[in-house]
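Let's walk through this structure together, one step at a time. Have the sequence and the 3D view ready, and look up each residue as we reach it.

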Amino acid sequence: MIHFVLLISRQGKVRLTKWYSPYSQKERTKVIRELSGLILTRGPKLCNFVEWRGLRVVYKRYASLYFCMCIDEDDNELEILEIIHHYVEVLDRYFGSVCELDLIYNFHKAYFILDELLIAGELQEPSKRTVARLVAAQDSLVETAKEQTSSITNIIAQAANTASL
Amino acid sequence: MNPFSSGTRLRDMIRAIRACKTAAEERAVVRKECAAIRASINEDDQDYRHRNLAKLMFIQILGYPTHFGQMECLKLIASAGFPEKRIGYLGLMLLLDERQEVLMLVTNSLKQDLNHSNQYIVGLALCALGNICSAEMARDLSPEVERLLQFRDPNIRKKAALCSIRIIKKVPDLAENFINCAASLLKEKHHGVLITGVQLCADLCKVSSEALEYFRKKCTEGLVRTLRDIVNSPYSPEYDISGITDPYLHIRLLKLLRILGQGDADASDRMTDILAQVATKTESNKNAGNAILYECVETIMSIEDDGGLRVLAINILGKFLSNRDNNIRYVALNMLMRATTLDAQAVQRHRATILDCVKDSDASIRKRALELLYLLVNENNVKPLIKELIEYLEVSDQEFKGDLTAKICSLVEKFSSEKIWYIDQMLKVLSEAGNFVKDEVWHALIFVISNASDLHGYTVRALYRAFLTSTEQETLVRVAVWCIGEYGDMLVNNVGMLDIEDPITVTECDAVDAVEVAIKRHTSDLTTKAMALIALLKLSSRFPSSSERIKGIIVQNKGNLVLELQQRSIEFNRILQKHQKIRSALVERMPVLDEATFSGRRAGSLPTAISTSSGAPSNLPNGIAKPATAPIPDLLDLSSDDVPAPSSSGGDFPQDLLGVDLSPTLAPSGAGKPPKASTDVLLDLLSIGTYLPVQTGSSASDILSSSQDDKALASLSSLSANATSPVNAAPMMDLLDGHGPGPQKPKENGQAYQSLVAYESSSLRVMFNFSKQPGSPQTTLIQATFTNLSSNVYNDFLFQAAVPKFLQLHLDPASSNTLPASGDGSITQNLKVTNSQHGKKLLVMRVRIAYKTNNKDVLEERQINNFPQNL
């Protein structure tokens with residue numbers, strides 16, 4: 001099982017954290033500090049696995065961002081690399097060649113996508129198209145709701161105007 | 001409208017935070033935002049709740065506290081619209097975890113949403129439940145999730161399946177409710193549902209043996225079929241990853257098959273064909289393919305034996321190991337580690353490659369490879385492998401040296417059939433990475449050296465050479481100094497030259513120089529300096545002509561700020577000045593340690609057994625009292641009647657041998673050093689030293705109680721033993737000053753055991769004094785003394801004791817049943833305990849003390865398991 005997902009920039013800034021095992025706020029900060037120290041200092045040709053507190057952290061760097069997932073000792077590290085790539089591809093498809101800034105300003109979108117990909121630290125959907133479709137459907141639900149509220153506000157405003165006339 | 005909250009949009013806040021140049025600036029911005037959000041929350045501002053929570057999430061990701069926003073999540077979740085719920089659930093998963101009480105409040109909203117008509121809202125609720133639900137919520141909402149496993153939309157079914165995993169992990173009792181639904185998920189065509197269903201089955205098997213049996217019987221066939229279909233499926237763009245259809249599904253199926261096949265020959269048999277097919281047909285040029293192969297190998301190794309498949313698996317690992325991709329090599333090392341238990345021979349074939357991996361530039365790979373290599377070393381290959389490892393030690397990274405040194409030392413000790421090889425290897429390690437060598441390792445080395453009498457000369461010369469070239473390695477310096485002190489004469493006279501040695505000319509002066517360097521070197525720590533002082537004392541006897549110079553060096557330390565060194569130098573100076581006659585006897589060479597003793601010590605708990613000299617009293621449970629230590633008396637044989645001396649020293653053998661027990665708690669007074677074992681006798685004799693209630697930390701009893709068969713060593717006078725433990729020398733010298741040097745009269749047959757405060761409360765103290773009858777070491781006589789610490793008299797005083805079966809207890813009547821107040825008198829009572837497992841088990845006793853005070857019955861109970869180990 002995946003215990004947590006971290007997105008850390010090359011400068012050590014945290015861009016996204018998702019915890020599937022309970023870690024208190026204090027522990028979270030400590031984990032992030034420890035792992036950025038371990039991972040960001042590793043050279044480019046080294047393997048993508050770091051052993052840490054009896055667990056394994058699988059990481060992969062995409063441009064300026066490190067995608068890290070922490071797994072149990074007996075999980076399949078190579079598969080986790082595929083899952084990370086899977087997530088990156090979905091993000092890419094969603095944002096249209098995603099960059100770090102997209103993830104900063106639309107961090108909630110990155111979470112929504114992750115939630116369609118993983119639940120309880122397990123993979124939920126192997127098809128990128130399905131994930132994209134589900135996220136898009138929910139986005140459009142939000143849009144419709146917004147339009148409705150704004151049109152309702154308009155109607156009320158108009159009504160108020162007419163009334164005052 | 002709130003003047004604060006209307007201020008910034010999420011985007012603006014992020015921009016403002018990103019614009020900060022320093023951490024302090026960022027904190028200020030965040031503080032201001034948090035204040036605004038709090039204000040808005042307090043006003044219960046509905047319009048901005050959504051935005052506030054989004055901001056809070058960003059702030060949370062940055063690592064600032066956001067607990068005050070938790071209730072906002074609940075409010076958003078409880079609202080009707082999808083956008084609010086979506087952000088509310090996201091906030092819930094981010095801001096809370098399962099341990100927060102607040103989470104319980106959301107149970108009801110979750111229940112409603114799980115029954116919502118909008119499937120996306122159901123999806124949100126499932127996702128939140130799956131990610132953060134607590135055990136209680138799992139129990140409450142489990143029926144909803146079970147129902148949703150049969151929901152019409154597959155996207156809900158897959159979410160419900162993963163949610164079920166969380167539920168059964170939190171509450172394993174619920175597992176049986178899910179078995180049937182899970183089995184039906186395995187027949188699904190939708191990949192999302194299928195992989196989550198397979199995963200659910202795997203997790204069910206982990207928590208419930210019933211589930212395991214069920215799936216094994218009913219589903220193995222179907223799973224094999226599904227795997228075959230997916231392996232042979234034509235190209236499907238939706239699930240294709242580098243030419244393989246849905247590797248995730250492959251991997252999960254293989255994982256579940258592994259669980260089903262483990263320990264069941266029948267199920268294993270049914271899956272061998274498909275496993276062989278996966279192992280041979282999967283493309284290994286891309287990561288996805290390798291991930292499948294990796295999983296397949298693991299399954300093959302775990303299921304019931306099939307020779308052919310295993311060969312296939314090990315071959316795949318061999319291929320992995322020679323892969324240029326570090327990731328693949330890493331997993332190969334991992335798998336080979338597991339394979340060693342199955343087929344060590346097959347793994348041995350890859351030894352050379354593994355050795356290369358130990359030298360890899362990648363720390364993760366090095367670590368794995370070293371651990372694997374450690375498992376592969378045996379008598380046949382130990383020499384070349386150790387040679388390679390030591391060579392690598394010279395060039396390895398600092399941070400890796402610790403691990404590497406520990407492993408090398410452990411291996412060298414494990415396969416140390418030839419002493420000279422052992423000594424050579426250890427010297428190399430000490431010179432290369434002496435600072436990483438643990439205490440017990442160099443202690444063991446000294447044991448071996450002192451044991452190998454034919455190699456003394458060789459060793460001391462080799463150490464001297466090494467010392468000249470690398471003085472920076474602390475442990476090397478210590479061992480060298482010890483050996484120069486012991487065997488200085490052999491160093492100078494080239495005694496015991498071996499053919500392989502180059503002759504070396506060392507003058508007495510050079511030898512003293514070396515020790516002087518060690519003592520003056522400012523990086524030397526206290527232990528090293530103390531050892532150097534002892535070495536000097538010894539050299540003064542070995543080299544009479546350098547005696548004056550040595551005295552000079554010793555005197556220089558008279559004013560040392562460290563009490564231990566100061567005391568030692570003063571004592572030694574006195575020996576040099578006043579007791580020339582006994583000096584040579586005092587500093588005689590350490591006796592050769594009996595081989596059986598040593599191997600006995602090594603057997604079992606090598607690291608702990610020898611670690612005594614570093615630990616002092618805190619280090620009591622160090623295995624010293626194990627039966628393995630019994631032969632030690634052969635060495636010193638002090639209780640033997642024909643030793644005309646007080647039985648002294650020899651107690652904590654390694655400490656005395658090295659004379660380096662410098663634990664700070666004990667340093668101030670050599671005389672008051674209770675853990676120094678049998679110095680007690682000496683101390684008793686001189687009535688010095690207040691005993692701390694510490695157990696005598698070692699094998700002194702073994703020395704006294706075991707048979708005495710090596711009379712040859714009996715000639716070893718206690719004086720020489722005593723001098724090697726200079727801390728003891730202090731009272732000794734006082735003694736000598738008083739009576740002048742002469743035969744040591746007092747002869748002790750029995751041994752004084754240290755008294756024990758068996759029980760102490762605010763009202764009562766129980767002291768145990770121990771003694772033994774000569775000739776029956778199994779039986780301990782205990783005199784219990786009870787003292788009243790309160791100001792009231794105790795009446796009807798009754799002491800009871802109980803012991804486990806291996807002990808026999810006899811209680812004599814007490815001297816009285818009234819205990820006067822305020823320690824004004826005491827009660828004594830004699831106990832006799834016979835230990836049928838003497839030497840194997842320690843005494844242990846449960847005591848109960850009942851008495852009346854102020855007409856009130858008082859009962860006090862306690863288990864005593866801190867009896868001196870030498871009883």
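Start where the two chains meet: 63 residues of chain A are in contact with 70 residues of chain B, contact meaning heavy atoms within 4.5 Å. Before going on, please note that this is a predicted model, in which local features need pLDDT of at least 70 and side-chain atom pairs count only at pLDDT 80 or more, while totals for chains, interfaces and linings use all residues. Residues are numbered from 1 along each chain as its sequence is written, chains are lettered from A and ligands numbered from 1 in the order in which they are written, and side-chain values use heavy atoms, with hydrogens and water left out.

The size of an interface is often given as the accessible area lost when the parts come together. Here chain A and chain B bury about 5,900 Å² between them, with 54% of it on carbon and sulfur atoms; this buried area is the accessible area (1.4 Å probe) that two parts lose on being put together, summed over both. The two chains also share 10 salt bridges, each a side-chain nitrogen of Lys or Arg within 4 Å of a carboxyl oxygen of Asp or Glu. One of them joins E125(A) to K158(B), whose closest N and O atoms are 2.7 Å apart.

Now take chain A by itself. It has 5 helices and 7 strands, where helices (H or I, at least four residues) and strands (E, at least two) are DSSP runs, numbered from the N terminus. Along the sequence, they follow the pattern β-β-α-β-β-β-α-α-α-β-β-α. Of the 165 residues in chain A, 57% are buried; buried means under 20% relative accessible area, exposed over 50%, and partly exposed in between (1.4 Å probe, protein chains only).

For an example, find I39(A) in helix α1 (residues 25–40) of chain A. Is I39(A) buried or exposed? I39(A) counts as buried because its relative accessibility is 1%. Leaving out residues up to four places away in sequence, I39(A) touches V50(A), V57(A), Y59(A), Y66(A) and C68(A). Y66(A) is 27 residues from I39(A) along the chain, yet their C-alpha atoms are separated by 8.5 Å.

Next comes chain B, with 40 helices and 10 strands. Buried residues make up 58% of its 871 residues.

In soluble globular proteins, nonpolar side chains tend to be buried together. A nonpolar core is a set of buried Ala, Val, Leu, Ile, Met, Phe, Trp, Tyr and Cys residues joined through side-chain atoms within 4.5 Å. The largest one here has 281 residues, of which Y87(A), L118(A), L92(B), F215(B) and I354(B) touch the most other members. Helix α26 (residues 474–493) of chain B gives the most to this core, with 12 residues. Look at I354(B): beyond its neighbours within four places in sequence, its contacts include L321(B), L333(B), V347(B) and A369(B). Apart from this core lies another, of 30 residues, among them L807(B), M845(B), Y851(B) and F867(B).

Finally, visit a loop. N855(B) sits between β9 (845–853) and β10 (856–864) of chain B. With 74% relative accessibility, N855(B) counts as exposed. N855(B) and N795(B) are 60 residues apart in sequence, and their C-alpha atoms are 8.7 Å apart in space.
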